[in-house]
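Hello,

Here is the structure you will be working from. My notes follow it.

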Amino acid sequence: SARKAAEINQSHWTWLGLTCGAGDRSAISFWDIMEPTVRWNALTYLREDGVQMNIGAQVHYDRIWTSGETGQRYPGFAHILAPAIDLDITVTAMLDRPEFVYPPGAGHSGCQSLCRATGRLGTIAIDKPVIFEMIGGIDV
């Protein structure tokens, strides 16, 4: 229903999936979830040996722009840290204002941006293109 969709659209989230390491056998899945009264960051790390770990993470957004169509805010740059696995990466947008817009109640407007991820996971250097997804913009 339209009412249910409006309630769901109060949630905002950012997601990044990234493979890395020898043969891209390691991976991370980063989440920044923003609810009206709660916010949490988490990261799932898949090690080369197949062990999966769920750990805390932090993110800092910068180069934030505001959509003229929806009023939602999106970053052009994100710095993601997960000290438990020695992860330190930056994600830099390669496209200007890649927003997609749905009519109210029809879906989640957001942004999917081709980005460049650089940094490291322990001793593993990271420098590759990724898709950075932001649904509902960001609240910072």
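D24 is found in the loop between β1 and β2; strands here (E, at least two residues) and helices (H or I, at least four) are DSSP runs, numbered from the N terminus. The phi of D24 is positive, about 55 degrees, although D24 is not a glycine. D24 has a relative accessible area of 41% and is therefore partly exposed; buried means under 20%, exposed over 50%, and partly exposed in between, with a 1.4 Å probe and protein chains only.

This is a predicted model, in which local features need pLDDT of at least 70 and side-chain atom pairs count only at pLDDT 80 or more, while totals for chains, interfaces and linings use all residues. Residues are numbered from 1 along each chain as its sequence is written, and side-chain values use heavy atoms, with hydrogens and water left out.

As for confidence, pLDDT is the predictor's confidence in each residue, from 0 to 100. The chain averages 86, and 91% of the residues score at least 70. Over residues 1-6 the pLDDT stays under 50, and the model has 1 contact beyond four places in sequence for that stretch. A contact means heavy atoms within 4.5 Å.

Salt bridges

The structure holds 6 salt bridges, each being a side-chain nitrogen of Lys or Arg within 4 Å of a carboxyl oxygen of Asp or Glu. Side chains of opposite charge can pair when their charged atoms come close.

D24 takes part in one of them, with K128, at 3.2 Å from N to O. That pair links distant parts of the chain: K128 is in strand β12 (residues 124-135), D24 is in the loop between β1 (12-20) and β2, and 104 residues separate the two.

D86 pairs with R120, the closest N and O atoms being 2.7 Å apart. This pair also links distant parts of the chain, with D86 in the loop between β8 (77-82) and β9 (87-93) and R120 in strand β11 (residues 110-121), 34 residues apart. D86 has a relative accessible area of 37%, so it counts as partly exposed. R120 is partly exposed as well, because its value is 33%. The phi of D86 is near 60 degrees, a positive value in a residue other than glycine.

R47 and D49 form another salt bridge, with their closest N and O atoms 2.6 Å apart. R47 is partly exposed at 29% relative accessibility, whereas D49 is exposed at 52%.

The β3-β4 hairpin

Strand β3 (residues 39-46) pairs with strand β4 (residues 52-56) in the antiparallel sense over 5 bridges; two strands pair if DSSP finds at least two bridges between them. The two strands form a hairpin with 5 residues between them, and G50 in the turn has a positive phi of about 90 degrees. A42 stands opposite G56 in β4.

Two serines

Is S29 buried or exposed? At 18% relative accessibility, S29 counts as buried. S29 is found in strand β2 (residues 26-34). In a regular strand the side chains alternate between the two faces of the sheet. The side chains of S29 and W31 are joined by a polar contact of 3.3 Å. A polar contact is a pair of N or O atoms within 3.5 Å; within protein, one must be able to donate a hydrogen and the other to accept it, and residues adjacent in sequence count only if both atoms are side-chain atoms. Leaving aside residues up to four places away in sequence, S29 touches W15, L16, A42, L43 and T44.

S67 sits in the loop between β6 (65-66) and β7 (73-74). With a relative accessible area of 5%, S67 is buried. A polar atom of the S67 side chain lies 3.0 Å from the backbone nitrogen of T70. Again not counting residues up to four places away in sequence, S67 touches Q72, Y74 and E99.

Cysteines

How many disulfides does the structure hold? It holds 0 disulfides, a disulfide being a pair of cysteine sulfur atoms within 2.5 Å. C20 is in none, and the nearest cysteine sulfur, that of C115, is 17 Å away. C20 is buried, at 4% relative accessibility. C111 is in no disulfide either; its nearest cysteine sulfur is that of C115, 7.9 Å away. C111 is buried, with a relative accessible area of 1%.

Regards
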